[in-house]
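Reader: I am new to this structure and would like to learn how to read its features one at a time. Could you take me through them slowly?

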Amino acid sequence: MLRVEPAVALNATVDQLVQQVNARFDAVQSLNASVAIDVSVGGNATGNVTDYPEFDGYILLRKPTDMRIIMLVPVLHTIAMQMVSDGTNFKLWIKPKNCALEGSEVETEMVAGQQAPAMALCNTTSVPSTVTHWPQIFLDSMLIRGVGGDELVSLTSDTQVLQVDAKHAVEQPDYDLNILRPKGTSNELQTLRVIHFNRTTLLPYRQDIYDDQGRLATTTLYDKYKTFGDRQFPTVLTIKRPLEQFQVTMTINKLTVNQKMEDDQFELPIPADVPVQKVP
């Protein structure tokens with residue numbers, strides 16, 4: 001296989017990369033995105049993979065934690081699902097099933113292959129059970145958070161080999177910005193996130209997020225950056241949750257940044273004739 005080296009590898013210090021991450025995060029107060037979402041659930045732990053039909057829809061995001069997700073029925077483009085979250089509580093209305101859920105967004109562990117109790121209550125297979133985890137996962141993935149004042153950083157560099165086709169591969173040098181925090185009062189450091197930068201652009205192409213036990217909880221891949229207004233933003237995000245064995249590929253077709261949003265855009269009145277089930 002023929003390897004082709006990149007034309008230019010840019011240099012940056014750890015301070016410059018931290019500054020860039022913080023500036024990109026601080027510059028965005030809201031997002032209004034028209035999206036297409038592909039979801040697959042399963043893998044090695046379950047022995048099979050379920051692919052769901054592609055959903056078109058909209059995602060509204062307002063800092064610090066407000067989010068609204070609207071998904072449309074394939075082909076018909078009527079509303080299939082609406083969900084709002086304030087970062088603590090969520091509401092989910094699955095219109096075709098005449099079912100609504102309300103509950104806490106405190107994330108609970110899932111066993112691969114098991115349906116989440118919330119979705120079992122709705123008695124539906126048309127929407128993946130992992131949907132109750134989406135607001136926090138989407139928020140962490142769509143906006144790479146800045147580095148906190150109590151967090152530590154370290155920088156390493158590496159070279160990834162990316163296969164272009166059967167006969168060609170390209171070498172991509174990268175920077176890996178490790179974000180850590182002291183664990184309690186011990187000398188041990190806990191890895192919170194690793195942001196991987198493509199050194200030919202100095203833009204993030206991957207983020208790994210770890211849980212409190214040091215396990216890889218979320219990997220998000222960023223591809224096909226485009227300019228919206230004066231900001232570059234990835235238009236294809238692949239979000240992987242290895243512990244729960246599911247993957248979401250989000251394609252952003254249209255994006256408006258820093259549009260003023262009102263509180264009622266993040267409210268979801270449930271019709272009186274729709275049974276509402278409380279989720280602990």
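Reader: Which residues touch the most other members of the largest nonpolar core?

Author: In this model, which is predicted, the largest nonpolar core holds 52 residues, and Ile37, Met81, Trp134 and Phe138 touch the most other members. Apart from that core lies another, of 6 residues, including Trp93 and Leu268. For the chain as a whole, 45% of the 280 residues are buried.

Reader: What does Phe138 touch, leaving aside residues up to four places away in sequence?

Author: Its contacts beyond that range are Ile37, Ile59, Met67, Ile69, Ile239, Val248 and Met250. Phe138 is also one of the buried residues of α3, a helix that is mostly covered, with 8 of its 9 residues buried.

Reader: How should I think about the directions in which residues of a helix point?

Author: An α-helix has 3.6 residues a turn, so residues three or four places apart point the same way. In the case of α3, the buried residues include Trp134, Ile137, Phe138 and Ser141.

Reader: Is Leu143 buried or exposed, and where does Leu143 lie?

Author: Leu143 lies in the loop between α3 (134-142) and β9 (152-163). Leu143 counts as buried because its relative accessibility is 5%, and the cut-off for that word is under 20%. Among the residues that Leu143 touches, not counting those up to four places away in sequence, are Phe25, Leu31 and Phe233; Leu31 is 112 residues from Leu143 in sequence, yet their C-alpha atoms are 9.5 Å apart in space.

Reader: How many salt bridges does a search of the whole structure find, and what is the idea behind such a pair?

Author: Side chains of opposite charge can pair when their charged atoms come close. A search of the whole structure finds 13 salt bridges. Glu102 forms one with Lys278, where the closest N and O atoms are 2.6 Å apart. Because Glu102 lies in strand β8 and Lys278 in strand β16 (residues 276-279), this pair ties together parts that are 176 residues apart in sequence. Glu102 is buried, with a relative accessible area of 18%, whereas Lys278, at 59%, counts as exposed. Glu102 also forms a salt bridge with Lys91, with the closest N and O atoms 4.0 Å apart.

Reader: Which residues are linked in a network of salt bridges?

Author: Arg62, Asp66 and Asp263 are linked in this way. Elsewhere, the side chains of Asp208 and Arg206 meet in a salt bridge at 2.9 Å, N to O; Asp208 is buried, with a relative accessible area of 4%, while Arg206, at 29%, counts as partly exposed.

Notes: Residues numbered from 1 in each chain as written. Predicted model: local features only at pLDDT ≥ 70, side-chain atom pairs only at ≥ 80, totals over all residues. Heavy atoms only, no water. Helix = DSSP H or I, 4+ residues; strand = E, 2+ residues; numbered from the N terminus. Buried < 20%, exposed > 50% of the residue type's maximum accessible area, 1.4 Å probe, protein only. Contact = heavy atoms within 4.5 Å. Core = buried A, V, L, I, M, F, W, Y, C linked by side-chain atoms within 4.5 Å.
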